[in-house]
Amino acid sequence: MSLHWIPEGGEVLIQGASRGIGLEFVHQCLAQPHIGRVWASCRHPQEAEALQALARESGGRLHLLTLDVTDELTVSDAAEQVRAAEGRLHLVLNAAGLLHDAGRGIRPEKRIEEVTPEGLDALFRVNAAGPLVVARHFLPLFSHGDPAVFAAISARVGSIGDNRKGGWYAYRGSKAALNQFLHTLAVELARRAPAVTCAALHPGTTDTEMSTPFRAWVPEEQLFSPERTVRQLLGVIDGLSPADSGSFFAWDGQRIPW
Ligand SMILES: NC(=O)c1ccc[n+]([C@@H]2O[C@H](COP(=O)([O-])OP(=O)(O)OC[C@H]3O[C@@H](n4cnc5c(N)ncnc54)[C@H](OP(=O)(O)O)[C@@H]3O)[C@@H](O)[C@H]2O)c1
């Protein structure tokens, strides 16, 4: 059983749930019968067909929320909807992330000449500021005092100590900033809400839309299915204790240097 530390009827929020790793988190959380409501957010839930299908099959347990991390009003509205439904969250998992967007001409930079203010702004707003804005509005829903986890999917390439290849300025920088934000939040929560553990998680290279353009460079055995990635990350989350709060963990439970 995953998420065994969540009490019977406890609730989770998966943020960035329309596809990829976030969608699979929704799937695996719904498979845990002791979990009550699963809240899943994305920018356009009405267009998220896989989520809609899961909601239809969930027997009323899956609730969809509209949330764009770059639009604070949608974040506060989503939190208000959970509060109005007397939601009590035990896990908030931030999966939303941005690496490339052909429509906006955003792609990982190989050289300094490819860095643009627009690309930096877009990635920092989604990858770094996004989970912090979510924390600002959703943390009151953790005030029940039970153990709870606030986690975000970071990336090993955000590690400064581990950076030997360079490139990917905006993505590396935004994930490094995310890690700092989560660590800073953990320091504050240790005083204000010590039952809440805060963590940055590296999923490993996972077969999703985000990794598709780079798949040719990844050895097959190092490319995880979303099912495997989420199973591994749930194992890491289940092993967390408040003493781990503010740390950065890989899919295999190893700590990653900042
Ligand atoms: N895949 C990998 O190999 C890999 C490796 C390391 C880290 N990660 C991290 O893992 C997380 C999940 O990635 P993935 O591979 O599942 O990517 P993905 O398939 O591209 O999914 C990204 C998700 O982010 C959402 N999103 C993008 N912009 C958003 C915004 N402004 N507000 C709310 N949601 C937004 C997308 O939703 P909509 O576009 O539908 O709104 C989608 O659900 C990301 O944080 C990524 O950086 C992935």
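Visitor: What share of the contacts in the chain with a separation of 6 or more comes from residues 24 or more positions apart?

Guide: The share is 72%. A contact here is a pair of residues whose C-beta atoms, placed from the backbone, lie within 7 Å. Please keep in mind that this is a predicted model, where local features need pLDDT of at least 70 and side-chain atom pairs count only at pLDDT 80 or more, while totals for chains, interfaces and linings use all residues. Residue numbers start from 1 along each chain as its sequence is written.

Visitor: What makes the radius of gyration agree with a compact globule?

Guide: The rule for a globule is 2.2 Å times the number of residues to the power 0.38, and the radius is taken over C-alpha atoms. For 258 residues the rule gives a value near 18 Å, and the chain has 17 Å, so the two agree. The C-alpha atoms fill a box of roughly 50 × 40 × 40 Å along the principal axes.

Visitor: How many helices and strands does the chain have?

Guide: There are six helices and seven strands. Both are DSSP runs numbered from the N terminus: helices are H or I with at least four residues, strands are E with at least two. In sequence order they give the pattern β-α-β-α-β-α-β-α-β-α-β-α-β.

Visitor: What is the order of the seven strands in the open sheet?

Guide: The order is 3-2-1-4-5-6-7, with parallel pairing. Strand 3 (62-66) and strand 7 (247-250) each have a single partner strand, so they stand at the edges and one side of each lacks a neighbour in the sheet. From one strand to the next the twist averages 20°.

Visitor: What makes strand 6 and strand 7 a pair?

Guide: Two strands pair if DSSP finds at least two bridges between them. Strand 6 (residues 196-202) and strand 7 have four, in the parallel sense, and therefore they meet the cut-off.

Visitor: Why is strand 5 called largely enclosed?

Guide: A residue is buried if 20 or more other C-beta atoms lie within 10 Å of its own, exposed if 12 or fewer, and partly exposed in between, with C-beta atoms placed from the backbone. Six of the six residues of strand 5 are buried, so the rest of the structure largely encloses the strand. Ala-148, Phe-150 and Ala-152 point one way, while Val-149, Ala-151 and Ile-153 point the other. Side chains alternate between the two faces of the sheet in a regular strand. Strand 4 (89-94) runs parallel to strand 5 and is joined to strand 5 by four bridges.

Visitor: Is Gly-158 buried or exposed?

Guide: Gly-158 has 26 C-beta neighbours inside 10 Å, so it counts as buried. Gly-158 lies in the loop between strand 5 and helix 5. Its C-alpha is 4.5 Å from that of Ala-176, which is 18 residues away in sequence.

Visitor: And is Leu-185 buried or exposed?

Guide: Leu-185, in helix 5, counts as buried because it has 21 C-beta neighbours inside 10 Å. Beyond four places in sequence, Leu-185 touches Ala-135 and Cys-198.

Visitor: What is noted about phi of Glu-86?

Guide: Its phi is near 55°, a positive value in a residue other than glycine. Most residues other than glycine have a negative phi. Glu-86, in the loop between helix 3 and strand 4, is exposed because it has 8 other C-beta atoms within 10 Å. Trp-168 also has a positive phi of about 55°, but Trp-168 is buried, with 20 other C-beta atoms within 10 Å.

Notes: Axes fitted to C-alpha atoms, helices over the stretch in contact; angles between N-to-C directions. Contact = placed C-beta atoms within 7 Å.
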